[in-house]
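Good morning, and thank you for coming.

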Amino acid sequence: MPTTPTPTDIVTPGETPAAETPVAGTPAPTASVCAPLSSLTSLTGNLMTWLQTAPITGANSGGFKEPGGTELAAFEGAFRTLLTEGPTAQVVQDLAGMGYGVSTFRNDTGGGWLVVREQGLLSRGGGTFIINMFPARNLWLEAPHADSDEGTLRQTSTQLVTLGARALLITGSNRCAVTTASPCSGTTSVCGTKGLRISDAAHYGNNFFTAAHRALRDTYPDAIAASIHGMDAGDGPEAAVVSDGTSALRPDSLSNRLRDALNTHLVGTKKAFSCNSADDSGKHRALCGTSNVQGRIDNGAGDACFTEAAAATDRFIHLEQSATLRGTGASSKAVIQALADTVPCTLTGSGLGCQAVVAAQDCP
């Protein structure tokens, strides 16, 4: 099994984690929270390392197939049931009918997890979704550009386990996987031509990624969703640009608090800026995530595809980061610490800075 990345490991450009084959088995039934899991396949290993091999179809591969509206509604409902009732036989069957398998993952450092991932030979670029059965924070993480924003897959996988977040959503397709234009408002030239594409999970809503987001939001209305991205900082003064999904000036916003926490822990001359502070300006100040579909949903936009949110709920954070922050050095650790400082330990699981009160943090 590959060695777990450590805070001193450096991810070099183009580096791909070696494929890891988890040990498969069947968990024994117990009278605890883990009892409903006895019929599922169980994977064991290092979750952070394993997640770095999540399947993501490549750029210009054609590897994104848009689900129909009925199927999306069914997936959202099944995922919501999985969150509220656990992996019942019916919900596992329902997800299997849409091409998703459900398994447990026992991390070698402890914890119990549910993994929802595409199964079979024909991937639709649907994504991989991980649910923490023992969360410590009312927070979930999203990696909509997990491969194209280099380092964010490793980063969010580490954040999930270290912080004790509720869940992690990982895209199943490169944002440039298909050439079909997204009808949603917003623009980018990252795919070589100006405009968004439907394979971009952050800028198109008809995908399983957004359906899982909606289910999480319905189930945990007060939770914070953190969308983790990367930017080319160039010679700008920013190490990061934080926003609440809007560009409204809000001195007490959650994004300003995360900016302040980041600047407490960052090393070097570059600092974090906030889109929601009148005092911040810089070369990349415009990267405010206002066209992010998941942010628009959380901020109550009338139509998340076409309309920017008029106000913020402080339930969504959009974080753009330089390559340094997406690495594995001191600045990367600053991001995890800043998130820990900004989102307190309010649940019963274990996480950075939290005192777990659940007696058992494992599923057998």
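Leucine 141 has alanine 226, in strand 8, as its bridge partner. Helices (H or I, at least four residues) and strands (E, at least two) are DSSP runs, numbered from the N terminus. Before I continue, a word on the source: this is a predicted model, in which local features need pLDDT of at least 70 and side-chain atom pairs count only at pLDDT 80 or more, while totals for chains, interfaces and linings use all residues. Residues are numbered from 1 along each chain as its sequence is written, and side-chain values use heavy atoms, with hydrogens and water left out.

Strand 6 and strand 8 (residues 224–228) run in the parallel sense, with four bridges between them; two strands pair if DSSP finds at least two bridges between them. Strand 7 (residues 167–170) also pairs with strand 6 in the parallel sense, over four bridges, and there tryptophan 140 has alanine 167 as its bridge partner. From strand 6 the chain passes through helix 4 (residues 152–163) to strand 7, in a right-handed β-α-β crossover. Right-handed means that, with the strands pointing away from the viewer, the path from the first strand over the helix to the second runs clockwise.

Is strand 6 (residues 139–143) mostly covered or uncovered? Five of its five residues are buried, where buried means under 20% relative accessible area, exposed over 50%, and partly exposed in between (1.4 Å probe, protein chains only). Leu139, Leu141 and Ala143 lie on one side, and Trp140 and Glu142 on the other.

Let us turn to the whole protein. It has eight helices and eleven strands, and 56% of its 364 residues count as buried.

The largest nonpolar core has 43 residues, and Leu47, Leu51, Ile130, Leu160, Ile170 and Leu262 are those with the most contacts inside it. Helix 8 (residues 330–342) gives the largest share of this core, six residues. Apart from this core lies another, of 33 residues, including Leu72 and Phe79. By nonpolar core I mean a set of buried Ala, Val, Leu, Ile, Met, Phe, Trp, Tyr and Cys residues joined through side-chain atoms within 4.5 Å.

Helix 2 (residues 69–85) has 17 residues and spans 24 Å from its first C-alpha to its last, close to the 24 Å expected at 1.5 Å a residue. That expected span is 1.5 Å times one less than the number of residues. Among the buried residues of helix 2 are Leu72, Glu76 and Phe79. Their cover includes helix 3 (89–96) and strand 3 (100–107). After helix 2 comes glycine 86, with a positive phi near 85°.

Finally, I would like to consider two loop residues. Where is aspartate 314? Aspartate 314 sits in the loop between helix 7 (293–298) and strand 11 (316–321), and is buried, at 15% relative accessible area. Its side chain makes a polar contact of 3.1 Å with the side chain of arginine 250, and also reaches the backbone nitrogen of leucine 254 at 3.1 Å. A polar contact is a pair of N or O atoms within 3.5 Å; within protein, one must be able to donate a hydrogen and the other to accept it, and residues adjacent in sequence count only if both atoms are side-chain atoms.

Threonine 53, in the loop between helix 1 (47–51) and helix 2, counts as partly exposed because its relative accessibility is 26%. The side chain of threonine 53 reaches the backbone oxygen of tryptophan 50 at 2.7 Å.

Technical notes: Contact = heavy atoms within 4.5 Å.
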